[in-house]
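Please keep the structure in view while reading, and find each residue as it is named.

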Amino acid sequence: MTPVRDETTAARPRRRWWLPAALADEFEPDPARPGRVRRTTRDWVVDVCCFLVVCLFAAADAASVGREHDLPGWFAVLDQVLGWLACGAVWLRRRWPLGLAVAVVAVGTVSNTAGGAVLVVLFSLAVHRPFRYVAWVGGAQLALIPLFYWLRPDPGTSFGASVAFGLILILSVIGWGMFVRAKRELVRSLRDRARRAETEARLRAAQAQRAAREEIAREMHDVLAHRLTLLSVHAGALEFRPDAPRADVARAAGVIRASAHEALQDLREIIGVLRTGGDEEAGRPQPTLAALPELVAECRAAGMRVELDQQVADPERAPAGLGRTAYRIAQEALTNARKHAPGALVTVTLTGAPGGDLTLAVCNPAPPGEVPEVPGSGQGLIGLGERALLAGGTLLSGPTDDGGFEVFARLPWA
């Protein structure tokens with residue numbers, strides 16, 4: 001069976017083109033121009049549309065200026081020149097939103113042609129700058145509307161209707177811009193929360209791995225210290241008494257051999273009982289490779305659909321430590337399959353022989369329905385990786401091409 005690849009996710013396609021420049025450089029930075037904000041395709045489309053709309057407003061307002069018969073000719077020309085310059089300045093609204101808004105609002109007090117540009121720059125100011133700037137500039141514009149229509153009344157509309165329409169239009173544009181800004185801030189906050197969650201998940205995984213290693217070290221020290229001390233004492237006695245009687249030498253060698261054997265047995269017990277949930281497990285008989293069918297039968301009795309393909313001729317010949325490691329890996333993998341893919345058929349494949357490798361694969365397809373997310377997932381796989389590493393093997397886990405999940409372990413069978 002082919003091991004699962006380590007990489008579980010493919011590289012995401014670049015989505016910079018449809019993001020605003022303010023969000024694109026934060027979420028999808030351009031490696032070709034780091035640190036420089038550049039317009040995206042979306043920004044160019046929006047800017048071109050805004051420029052065309054402003055030009056249409058300017059053309060309509062220029063026609064209305066011609067109907068003001070009491071307006072001096074030079075002032076009408078100045079009105080249109082300033083208005084068209086304000087239209088061209090709209091292209092600078094992203095780089096200098098505050099300065100451009102102040103300048104265009106000032107121009108709008110004397111130029112009726114610049115009315116569309118005033119709306120666009122106020123919208124840009126509300127999107128790109130905090131509310132205090134919008135309040136000052138927008139408040140000034142609202143205060144100047146009655147003065148503008150008092151000095152240059154619209155021939156076809158009453159003074160009150162003109163002022164009310166202007167106030168409503170300015171407030172609507174500012175409110176829309178503030179809504180867009182609030183939406184972008186929400187996206188940024190959600191992105192920051194997602195980044196923090198990913199960082200915390202990585203920290204939790206590292207802490208779990210470090211805790212597993214510390215627990216291994218503690219168990220090895222507590223269980224093996226007295227065995228190794230006994231070995232050192234008898235070896236030192238042989239070193240300082242080389243002329244001891246043959247019976248004493250044989251007795252000391254026997255104690256050293258027995259202590260070494262017991263130390264190895266204790267080491268296997270450490271691997272077997274590590275991360276089993278408490279000290280009360282230490283005195284219980286530890287499972288071996290021959291107990292794997294009982295584990296599968298227990299899962300079937302609990303309602304799981306499990307198939308066991310065991311291609312090991314004599315599982316009882318497997319070393320105790322190897323059998324316990326394989327058993328614990330299968331047990332954790334079946335537990336994960338029961339939590340994350342309920343109702344799916346789980347296949348357990350076991351192959352190997354003495355002098356080679358023991359391979360264990362637990363695979364399940366995608367679950368048949370929606371499965372709620374299980375909190376704290378992934379910590380068990382970290383412990384299994386440490387267990388396989390202690391046994392001198394490797395463990396790979398990850399999703400398969402059909403949407404399922406597979407755990408693959410390779411353990412040396414000496």
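A residue counts as buried under 20% relative accessible area, as exposed over 50%, and as partly exposed in between. The model shown here is predicted, and the points below are grouped by topic.

**Aromatic pairs**

- The count of aromatic pairs comes to three, and one of them is formed by Phe51 and Trp91, whose rings are tilted at 40° between the planes and lie 5.6 Å apart from centre to centre.
- Because Phe51 belongs to helix α2 (residues 41-66) while Trp91 sits in the loop between α3 (73-89) and α4 (97-108), this pair ties together parts that are 40 residues apart in sequence.
- Phe51 has a relative accessible area of 25% and is therefore partly exposed, and Trp91, at 28% relative accessibility, is also counted as partly exposed.
- Another tilted pair is made by Phe123 and Trp176, with 4.8 Å from centre to centre and 45° between the planes.
- This pair links distant parts of the chain, since Phe123 is in helix α5 (residues 115-128) and Trp176 is in helix α7 (residues 159-240), 53 residues apart.

**A ring cluster and a charge over a ring**

- Trp44, Phe51 and Trp91 are linked into a cluster by ring pairs.
- Arg95 lies over the face of Trp96, at 5.6 Å from the ring centre.

**The sheet**

- Five strands form an open sheet with mixed pairing, and their order is β1-β2-β3-β5-β4.
- The edges are taken by β1 (305-311) and β4 (394-399), each of which has a single partner strand, so one side of each is left without a neighbour in the sheet.
- On average, and with direction ignored, neighbouring strands of this sheet are turned by 10° against each other.
- Strands β3 (residues 357-364) and β5 (residues 405-412) run antiparallel and are joined by eight bridges, and Asp357 has Pro412 in β5 as its bridge partner.

**Helices on the sheet**

- Helix α9 (residues 292-301) packs on the sheet, where it touches β1 and β2 (345-351), and the direction of this helix makes about 165° with that of β1.
- Helix α10 (residues 320-340) lies across β1, β2, β3, β4 and β5, and runs at about 10° to β3.

Conventions. Residues numbered from 1 in each chain as written. Predicted model: local features only at pLDDT ≥ 70, side-chain atom pairs only at ≥ 80, totals over all residues. Heavy atoms only, no water. Phe/Tyr/Trp six-rings, centres within 6.5 Å; stacked < 30°, edge-to-face > 60°. Helix = DSSP H or I, 4+ residues; strand = E, 2+ residues; numbered from the N terminus. Buried < 20%, exposed > 50% of the residue type's maximum accessible area, 1.4 Å probe, protein only. Lys NZ or Arg CZ within 6 Å of the ring centre and 35° of its normal. Pairing = 2+ DSSP bridges. Axes fitted to C-alpha atoms, helices over the stretch in contact; angles between N-to-C directions. Contact = heavy atoms within 4.5 Å.
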